[in-house]
Amino acid sequence: MASIINKKTLQHISELARIDLQEKEMDKLLGDLQKILDYFKELQELDTSKVKEELSLRTDLKLFRNDTERENTNQSKGKSSFPEVENNHLVIPPVFE
Amino acid sequence: MDNLTNLNISELHEGYKQKKFSAKEVIKNYLENIKEKDGVISAFLGVYEDLALKQAKEADELISAGKELKSLSGIPIAIKDNILVEGLPATASSKILKDYISAYDAGVVTKLKENGAVFIGRTNMDEFAMGSSTENSAVRLTRNPHDIERVPGGSSGGSAASVASNMTLGALGSDTGGSIRQPASFCGVVGLKPTYGAVSRSGLIAMASSLDQIGPFARNSEDAGEIFLAIQGKDELDNTSSNINYSKEDFFGNNLKSTKQLTIGLPDEYFADGTEKEVSLGIKTAIEKLKSLGINFKKVSLPHSKYALSTYYIIMPAEVSSNLARFDGIRYATKEHEILGKEKSSLLDVYLKERGRGFGVETKRRIILGTFVLSSGYYDAYYHKAQQVKALISQDFNNAFKEVDVILGPVTPTRAFKIGEKSSDPLSMYLSDIFTIPANMAGLPAISIPVKKYEIDGELPIGFHLVGKKFREADLINIGRYYEKI
């Protein structure tokens, strides 16, 4: 199995996950993750080369619903759980600095 | 009018019909219990006295109008705080959702309302249902009613503790790797995780969508079955939900004879070393009692069980990392972001800061672990491999169910542990779910039933675990019902 996580990888992953980690948090987390990933090594024992992966527990499902108009949730209630609304638009901080 | 909170659903309904007491009186009794006990137990995040009494009145009005009661009329149900009830907060015990008010009803809440249930309150949980002790709640610490120095289990710890201490008759929880059954076992109540697809997940704050399932807590199997029947069924808003046409007769008909015809399998792998002596003894007692009912037992093997924990801790965090991406510190939030917005931060800054401070330690750990196992270069080694092992775990059950109808084992390796005992070592906490995870992996129904009736302030409870065939919740409930009558 691939190499165990190091601090540089952890920094990269936390950026991908959009989580700002404090230095102290980072050290504890690194130790925890190393232990957890070490535990996963037991899976290497298993030869799964001929096993088909199981992505869904419900392979019997009809995946598409009929394309008909319907109303589910209340739009104004959706907006009310948003911090700032202007002219019926949701206001967010600038994407570009 | 004491002891009304000791009655089960059918006794309460009988009492309502005969006008021995009203739903209002019953709900008031429960509300008094909450006032008396929840200061110490802290099972609830919110109690809704006015709403509960209003819903109780609806049950009383049915009686005075001479109309039929609905299946849960006048029955108090507490709701885990990751299930949406329109107009009430739903925080999933996280700081990042502290200001969120549900915009709609979860599928199960709609069904509970249709069946006349009374919403008594929202219960505490591990943040976003991640944990086995409810210690990961960002709001408060819930205590085990049997020993307040111990955890109630988790993640549905508040729901389990509220039922165990008679603060509600029933509760809903959610179970992704054992989050209903493990706290049920620790608190000495019945907890049922239904078959994947039996109950709608619409309006459940998603953790790992391929494994999550909502289910009931109650003090006995019959009540758990009643609540399950009320919440199951197809929901257009959850495409994995199914229309099974469960029959009430199958659950509550006079069928000891058919229950006796079930064969229970005992997997060698669930009776290995490492289980606390008291737990092993408890399970043995339960097996002897079931044998005395005339139920047959047979040895089976689930050879890939030992890999379930690793598999789970790859698949679940992978789904967590994508499901929790929606909590960006802007959506579902209010006040915090307003301040940031005024500082003219960039959008990326808001994400990084808000998620960094809004999520707790365990939540961050799982998001990052999930992001790691899905990241380029690691996907095949972890996620792909785990999905293959998951298929092997399902296959084990398929093979076993050719010979037996139900599989029995312990729910957890230990009884309720001390507060703080495992909170700094995530791996030891994860091991708490080692016996419950396989049922989620295979999408099977499973239940925790107390080995005997545990009195509060007595010894620590132990539960035994039954796993059934897909959509055969009735087998589990019936074994429980007859077991409880011995």
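How many residues does helix α11 of chain B have, and how far does α11(B) reach from its first C-alpha to its last? The legends below begin with that helix. This is a predicted model, in which local features need pLDDT of at least 70 and side-chain atom pairs count only at pLDDT 80 or more, while totals for chains, interfaces and linings use all residues. Residues are numbered from 1 along each chain as its sequence is written, and chains are lettered from A and ligands numbered from 1 in the order in which they are written.

**View 1. Helix α11 of chain B (residues 308–323).** The helix has 16 residues and reaches 22 Å, close to the 22 Å expected at 1.5 Å a residue (1.5 Å times one less than the number of residues). Helices (H or I, at least four residues) and strands (E, at least two) are DSSP runs, numbered from the N terminus. Because 14 of its 16 residues are buried, α11(B) is largely enclosed by the rest of the structure (buried: 20 or more other C-beta atoms within 10 Å of a residue's own, C-beta atoms being placed from the backbone).

**View 2. Strand β7 of chain B (residues 263–267) and its partners β8(B) and β9(B).** With β8(B), residues 296–300, the pairing is parallel over 5 bridges (strands pair if DSSP finds at least two bridges between them). Look for B:Thr263 opposite B:Asn296. β7(B) also pairs in the parallel sense with β9(B), residues 406–410, over 2 bridges, and here B:Ile264 stands opposite B:Val406.

**View 3. Where chain B touches chain A.** The contact takes 57 residues from chain B and 45 residues from chain A (contact: C-beta atoms, placed from the backbone, within 7 Å). Among the elements giving two or more residues to the chain B side are α11 and α12 (335–342); α15(B) gives the most, with 11 residues.

Terms used
Buried ≥ 20, exposed ≤ 12 C-beta atoms within 10 Å, placed from the backbone. Contact = placed C-beta atoms within 7 Å.
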